[in-house]
Number of protein chains: 2
Amino acid sequence: MVPAPSDATRTRLLEVAGPLFAARGFRDTGIKEICAAARCNVASVNYHFGSKLGFYGAVLAHAHQRAFVGSTMPVPAAGADPQQTLATWLRWWIGSMLHPDRPTWVQTLLAKEIVDPTPALDAMVERSIRPMHGRLTTMVKRILPPRTKPAKLRDAVNSIIGQVLIYKHASAVLERLGAMPEESAAGLDRLIDHVVTFTLGGLAALAKPSSPTTRRRSAR
Amino acid sequence: MVPAPSDATRTRLLEVAGPLFAARGFRDTGIKEICAAARCNVASVNYHFGSKLGFYGAVLAHAHQRAFVGSTMPVPAAGADPQQTLATWLRWWIGSMLHPDRPTWVQTLLAKEIVDPTPALDAMVERSIRPMHGRLTTMVKRILPPRTKPAKLRDAVNSIIGQVLIYKHASAVLERLGAMPEESAAGLDRLIDHVVTFTLGGLAALAKPSSPTTRRRSAR
DNA sequence: TCCGAATTCAAATGAAGGTTTGAAATGCAC
DNA sequence: GTGCATTTCAAACCTTCATTTGAATTCGGA
């Protein structure tokens with residue numbers, strides 16, 4: 001009943017579909033297109049996975065395993081400087097998202113799903129995103145003062161994530177504005193340096209008791 | 001030939017379609033649905049606008065006019081403190097994007113288009129986005145040291161934009177993570193305070209000669 | 001009121017895309 | 001090699017959706 005996991009075309013489909021879905025999204029990638037790339041019949045997808053949506057879910061699960069092949073999430077050395085730990089992790093994370101020499105289609109797939117969710121989103125959040133988010137939150141918490149409110153911590157983490165995701169989500173516009181960083185290893189390095197500096201500076205500002213400049217009522 | 005601009009159904013379509021496109025995107029919003037909401041025949045769209053895409057472009061143009069009704073972009077008082085100017089502008093911008101009591105569908109429409117561009121993107125960039133981006137860049141430039149490299153300025157601006165856009169682009173995931181700010185005027189105020197503080201702190205860090213923590217080669 | 005142009009409408013058209021079908025081919029156990 | 005289950009395939013199917021069509025209706029001016 002359950003198909004043996006030793007299927008040639010089955011795995012071929014899983015391998016081939018990831019980059020295609022990443023390039024054009026779930027809705028705009030056709031079964032025909034995928035099957036042409038995998039050199040198999042259109043019925044194969046439904047035979048092996050039941051439906052296009054089921055197939056997509058399988059692709060995401062399959063992608064999750066080889067998500068960060070070649071580079072594993074750095075484990076924080078216990079007792080290390082929190083800021084340094086965060087900086088190291090950011091280097092790894094941004095690199096895995098944007099490095100021009102590495103297949104970033106898995107992250108692109110995640111980014112597409114984040115913006116335009118399908119029913120497969122829930123599984124993906126629990127499997128891929130929540131662990132990352134938790135790790136990042138822990139690291140930021142170590143940098144902010146002990147009694148920082150959860151809301152403040154949450155906002156800080158979002159500010160970090162947002163700084164990176166924009167390059168995945170808004171690239172079409174950034175390119176038109178001439179605001180996309182150079183697509184080279186050196187350019188990526190400079191971008192990472194920037195994000196690390198900006199982030200640590202932002203966190204330092206949050207740590208101070210502080211009051212934002214020009215506090216006013218929000219508009220309306 | 002060119003239809004007189006005094007058409008009842010024509011304007012009714014333009015009025016009704018914005019929120020619908022904002023809710024589900026261009027591809028997933030059907031002509032039928034729109035025409036049902038506007039109480040007119042499906043052929044009306046093609047009659048008045050030529051095609052669905054032409055209609056969409058008209059909707060975007062129409063939306064641009066009433067984009068920020070009720071609140072106009074604050075004009076920087078010449079000679080004012082640059083940081084205060086930026087803070088004020090950020091309050092206005094974020095408020096116009098996220099204020100729960102205000103129709104934010106125009107901004108949602110922009111956000112959708114940013115992530116999933118249609119041929120209408122180019123016009124939208126020139127009309128709506130580039131002016132904002134230019135204004136923001138100018139303000140940031142005044143805060144950073146005089147001889148700051150263009151790339152650094154560009155990255156700083158992106159970091160600011162990214163902090164805000166994440167709430168438009170990734171809300172589905174943030175909700176699942178419990179990381180979405182409270183949807184109230186007070187919650188928005190706190191969020192704005194956070195972004196202002198984080199941003200000014202980040203910019204201050206960029207201003208210092210500086211070197212980021214744990215400088216390493218990027219992975220691979 | 002009458003005429004012509006503009007507009008509205010229900011129905012048809014045609015393309016695209018996911019899914020189903022039934023037969024052919026393949027692989028594997030005996 | 002025979003037989004059975006699995007897998008592949010081409011073709012048909014079915015739904016959705018934008019677009020077109022041609023008739024009916026409305027509107028404005030003479």
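I began with α1(B) and α6(B), whose crossing is left-handed (left-handed if the near helix is turned anticlockwise from the far one by less than a right angle, right-handed if clockwise). The model is predicted, so I kept in mind that local features need pLDDT of at least 70, that side-chain atom pairs count only at pLDDT 80 or more, and that totals for chains, interfaces and linings use all residues. My other ground rules are that residues are numbered from 1 along each chain as its sequence is written, that chains are lettered from A and ligands numbered from 1 in the order in which they are written, and that side-chain values use heavy atoms, with hydrogens and water left out.

The axes of helix α1 (residues 8-24) of chain B and α6(B) come within 8 Å and cross at roughly 45 degrees. I take helices (H or I, at least four residues) and strands (E, at least two) as DSSP runs numbered from the N terminus. Axes are lines fitted to C-alpha atoms, for helices over the stretch in contact, and angles run from 0 to 180 degrees between N-to-C directions. That angle makes α1(B) oblique to α6(B); angles under 35 degrees count as roughly parallel, over 145 as roughly antiparallel, 65 to 115 as roughly perpendicular and the rest as oblique.

I looked up who touches whom, with contact meaning heavy atoms within 4.5 Å. From α1(B), B:Gly18, B:Pro19, B:Phe21, B:Ala22, B:Ala23 and B:Arg24 meet B:Trp105, B:Thr108, B:Leu109 and B:Lys112 of α6(B). By class I noted 6 nonpolar, 2 polar and 2 charged residues there (nonpolar: Ala, Val, Leu, Ile, Met, Phe, Trp, Tyr, Cys and Pro; charged: Asp, Glu, Lys and Arg; polar: the others, Gly among them).

Next I checked α4 (residues 52-65) of chain B against α6 (residues 105-115) of chain B: the angle is about 135 degrees, with the axes 10 Å apart. α4(B) and α6(B) are therefore oblique to each other, and their crossing is left-handed. B:Tyr56, B:Val59, B:Leu60 and B:Ala63 of α4(B) make the contact with B:Trp105, B:Val106, B:Leu109 and B:Glu113 of α6(B). I find 7 nonpolar residues, no polar and 1 charged in it.

In chain A I looked at α4 (residues 52-65) and α7 (residues 121-143), which pack at about 5 degrees with axes 11 Å apart. α4(A) and α7(A) are therefore roughly parallel. Here A:Leu60, A:Ala61 and A:His64 meet A:Met124, A:Arg127 and A:Ser128.

How many cavities of 30 Å³ or more does the whole structure hold? My search found 1. A cavity is a set of points on a 1 Å grid over the protein atoms alone where a 1.4 Å probe fits but cannot get out, a pocket is an open set with protein on both sides within 12 Å along at least five of seven lines, and lining residues have an atom within 4 Å of a point. The largest cavity has a volume of about 50 Å³, the space filled by probe spheres set on the points, with grid points joined across faces, edges and corners. α8 of chain A and α8 (150-169) of chain B each supply at least two residues of its lining, which divides into 5 nonpolar, 4 polar and no charged.

Last, I noted that the second largest pocket has a volume of about 660 Å³.
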